[in-house]
Amino acid sequence: MTRTSATLKSISAMAVMRMLKYSPRLAIHKRSSFDGYLMKTALIAENDVVRQSVFAGTTLFNDGIDARFDRMTRLAQQTFNAPFALVSLIDHERLLLKSRQGLDIQEIALEHSFCRVAILDSVPLIVEDTLNDERFSAIPLVKKAPHIRFYAGAPLHTASGQRVGALCLMDSQPRSFTDAQMAMLCDMAGMVEELIQTDIGNRESQTELATALRKSERRARLVIEGTRVGTWQWNVQTGETVFNERWASIVGYTLEELSPTSIETWLSLAHPDDLATSEALLKAHFAGETESYDCKARMRHKLGHWVWVHDRGQVFDRTPEGEPLLMYGTHADITDEVAAQQALQASRDELASLLSNMPGVTYRCLPDEKWTMLYISGQIDRISGYPAGDLLGNTRISYADLIHPDDAPFIDEAIAKAKRLNESWHLEYRICHRDGTWRWVEERGNWVAGDTKHPKIMEGFIVDITREHEARTQLRSHHDALLLLNDIAFNPFETLDAKIQHALLKAKQYLGLDLAILSQIEGDVYTVRWVDAEVDAGIHAGQRFTLGHTWCQLLFSGERKELFIANVPKSEFYSHPCYQAIPLGAYVGIVIEAEGQVFGTLNFSAAHTRSAAFDESETLFLRLLARWLSDTLANSLSNERITKLMAQLPGIIYQYRLFPDGRAIFPFSSPQIQDLYGLTSQQAASDATPLFKLIHPDDLEHVAATIAHSANTLEDWHAVYRVSTNDGTYRWIAGQARPEKLTDGSTLWHGYLHDIHDQELARQALKRNESRLRGLFEFAPIGIALNDLETGQFIDLNDALTRPSGYSREEFVKLSNWDLTPKEYQAEEEKALARLRTNGKYGPFEKEYIRKNGSRYPVRLQGMLSQV
């Protein structure tokens with residue numbers, strides 16, 4: 001047996017004898033009896049006379065603080081890492097604090113003390129949380145500073161067995177107390193008893209006192225060795241040091257290897273980066289600014305690595321000038337503790353870094369009307385303009401306050417439905433930024449388990465999709481506008497009047513206005529040439545007005561050629577004479593030119609105002625419509641005018657003709673064809689072959705097949721393919737067209753081509769990510785499977801699942817969960833499946849699977865319900 005284990009065994013034996021062979025935990029419970037406490041309290045007064053006679057003739061109550069007891073309380077304070085350590089003695093109705101560490105009072109009323117209970121029995125009193133003990137929860141030390149939450153007190157006995165006080169530890173935090181710690185506390189109480197008994201007897205010689213001191217010191221050493229703590233003594237003035245064997249072993253040496261020791265021994269092993277901190281803490285303690293020296297630092301091990309140590313110490317003696325002389329302390333190995341803390345911090349940092357680098361906001365909130373945030377990541381600042389702290393607990397604003405009022409009802413309904421169906425939700429809605437603008441966000445969330453007060457709480461992920469939403473909205477608006485323009489431009493009407501009347505009707509409906517006019521202006525005369533209005537509007541084709549009496553005068557009063565006024569009363573034209581004469585709510589005017597000369601104006605108006613300004617799609621539509629009208633009016637330049645109109649589009653509008661003999665041409669194509677294919681419209685009109693040579697070889701066969709299929713079925717043609725550019729790279733192109741059969745057997749397509757390179761790259765990246773996820777599934781080290789709930793049939797699985805079974809993957813997938821499950825597990829399996837149907841979760845559930853050879857192997861199953 002080693003010396004340390006022998007010492008621990010000795011301490012444990014003494015502890016058992018001191019506690020009268022009671023189990024420490026059992027003693028705690030017995031002493032928690034409040035009825036027993038009331039009966040025993042009455043004995044305190046009866047025993048007080050005996051106690052006073054015991055202390056008669058001593059100086060224990062007269063001399064106040066005693067250095068001998070101070071050494072014991074300091075030792076106890078450091079050994080148990082307790083903020084407060086006391087030696088208390090009962091004197092009538094008061095409790096004298098003979099020695100105190102951490103508490104700056106000399107005495108306490110006995111009725112307000114822990115000691116009044118601690119002396120009722122010979123076993124220690126342990127109170128792990130005073131707030132849960134009705135005997136102490138209301139005393140001043142608990143209710144007021146220092147707010148004691150933990151107490152451990154060992155009663156002090158005289159030679160005759162009379163209990164006269166206690167050695168106690170206290171803490172402002174609840175804590176537990178092990179059996180080994182209780183044994184050490186009893187041993188220390190024994191040392192204090194020896195000092196008390198020495199004073200009480202006052203008959204021992206100096207030799208006997210020295211013997212008692214040596215015994216106390218020996219017992220102190222045993223306690224220290226039992227805690228596996230190094231000790232040190234330092235003469236601050238000379239630099240001499242005394243270390244114990246444990247101090248040396250912490251850094252991998254024996255004490256003999258380090259001898260002779262001095263403060264330089266310590267400094268030579270200390271990490272250079274920690275010396276400044278240690279020196280600052282020492283100076284603060286030497287100056288009396290701190291009660292003790294407490295430092296965590298690194299020391300170099302004999303093997304070359306660094307170990308973390310926790311040094312605690314105090315100055316015990318000073319020179320006559322008040323300078324520190326002798327300092328004593330402990331030296332504990334905390335390497336494992338620091339490593340655990342560093343690993344925990346690294347994990348927290350990793351999680352924080354992961355969350356901070358995610359493109360959206362993660363959150364957890366209560367299911368109340370305010371969406372009270374329990375957690376929300378810092379990215380919320382980018383979306384809302386508010387830091388996370390403003391939303392946590394609704395500190396300054398709640399998340400619900402940010403949601404657009406028009407969106408809140410359907411959000412609440414969708415989330416309630418998700419809770420009812422036990423499924424996730426996916427929403428798009430608007431939130432108000434701090435600057436007053438509205439941001440579109442996409443949210444994906446789930447209901448998760450909470451606490452007793454809130455059994456279900458919400459967790460989710462929010463991404464700012466304002467740009468994407470605006471782009472989609474704009475794309476849809478552009479698409480609608482272009483479709484309408486296409487309807488207007490390729491209408492079946494043959495006469496000019498019919499074409500323009502059709503255009504005015506469609507445009508008026510698209511804009512949501514009341515009146516549409518295409519005028520002709522000759523000098524100062526404004527003539528209504530074409531009009532679309534209600535019968536009772538009082539305006540018709542052929543009417544003439546003086547230009548100065550119309551709103552169109554605004555188009556000729558300066559350099560402006562167009563006006564888009566959504567709310568006239570709030571515009572600069574509110575005070576204009578034309579508004580006083582003809583008070584409109586909204587007005588659009590564009591100058592129409594034909595063959596380089598002003599023909600007239602295109603006007604739209606309404607008596608009511610618009611709720612929003614004319615957007616980009618509407619203004620683009622009106623401008624393009626005006627150009628089409630100009631081209632239509634200039635019939636001789638129609639092809640050129642249409643080409644200019646098409647030039648404003650983001651892609652190519654074209655006609656593609658395939659002859660029965662296989663020849664192909666582009667009878668018409670907008671100028672953008674040269675940007676995309678490097679050919680002019682005229683070159684493409686004579687031969688389409690060069691365009692096909694620019695298609696990526698891997699895509700050419702597919703494009704040809706789709707054209708052939710569209711020609712045979714007259715179904716719309718759609719294709720996505722790559723086209724070579726001038727620099728040798730390829731760009732993705734999307735095309736769509738509608739075919740028609742001509743009388744000569746040719747097929748003529750009317751269509752649209754546009755560059756989708758960026759969108760296609762994004763789609764391919766998404767596909768690759770999906771492939772990576774499949775790889776994680778296939779190469780996972782644990783078995784993963786997808787089973788049919790009703791039949792148990794395996795739908796999909798990875799190799800890790802089949803490996804221990806002896807089946808091949810092809811054989812395994814033909815089996816069901818029931819084929820692999822022994823019959824004795826059927827009842828439990830049915831229960832697990834019933835819970836799965838109820839709450840969507842399966843397991844964890846441990847059972848066995850049957851191998852191909854008939855043997856069995858244990859499995860632990862856990863899963864969830866998924867909708868395929």
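This is a predicted model: local features need pLDDT of at least 70, side-chain atom pairs count only at pLDDT 80 or more; totals for chains, interfaces and linings use all residues.
**View A. Packing of helices α18 and α21.** Helix α18 spans residues 466-489 and helix α21 spans residues 616-633. Their axes lie 9 Å apart, at an angle of about 20°. Angles under 35 degrees count as roughly parallel, so α18 and α21 are roughly parallel to each other. Their crossing is right-handed.

**View B. Residues at the α18 and α21 contact.** From α18 come Q474, S477, H478, A481, L482, L484, L485, I488 and A489. They meet E616, S617, L620, F621, L624, L625 and W628 of α21. By class, this contact has 11 nonpolar, 4 polar and 1 charged residues.

**View C. The largest cavity.** The model holds 2 cavities of 30 Å³ or more. The largest has about 170 Å³ of space. Its lining comprises 14 residues, with F666, F692, I707, W717 and Y721 nearest the centre. At least two lining residues come from each of β23 (652-658), α25 (689-693), α26 (697-713), β25 (717-724) and β27 (747-755). The lining has 14 nonpolar, no polar and no charged residues.

**View D. The second largest cavity.** The volume here is about 60 Å³. Lining this cavity are L86, S88, L95, L97, I108, S113, F114, C115, L141, Y151, C168 and M170. Strands β1 (84-91), β2 (94-101) and β6 (163-171) each supply at least two of the lining residues. By class, the lining of the second largest cavity splits into 10 nonpolar, 2 polar and no charged residues.

Methods: Residues are numbered from 1 along each chain as its sequence is written. Side-chain values use heavy atoms; hydrogens and water are left out. Axes are lines fitted to C-alpha atoms, for helices over the stretch in contact, and angles run from 0 to 180 degrees between N-to-C directions. Helices (H or I, at least four residues) and strands (E, at least two) are DSSP runs, numbered from the N terminus. Angles under 35 degrees count as roughly parallel, over 145 as roughly antiparallel, 65 to 115 as roughly perpendicular and the rest as oblique. A crossing is left-handed if the near helix is turned anticlockwise from the far one by less than a right angle, and right-handed if clockwise. Contact means heavy atoms within 4.5 Å. Ala, Val, Leu, Ile, Met, Phe, Trp, Tyr, Cys and Pro count as nonpolar, Asp, Glu, Lys and Arg as charged, and the others, Gly among them, as polar. On a 1 Å grid over the protein atoms alone, a cavity is a set of points where a 1.4 Å probe fits but cannot get out, and a pocket is an open set with protein on both sides within 12 Å along at least five of seven lines; lining residues have an atom within 4 Å of a point. Grid points are joined across faces, edges and corners, and a volume is the space filled by probe spheres set on the points.
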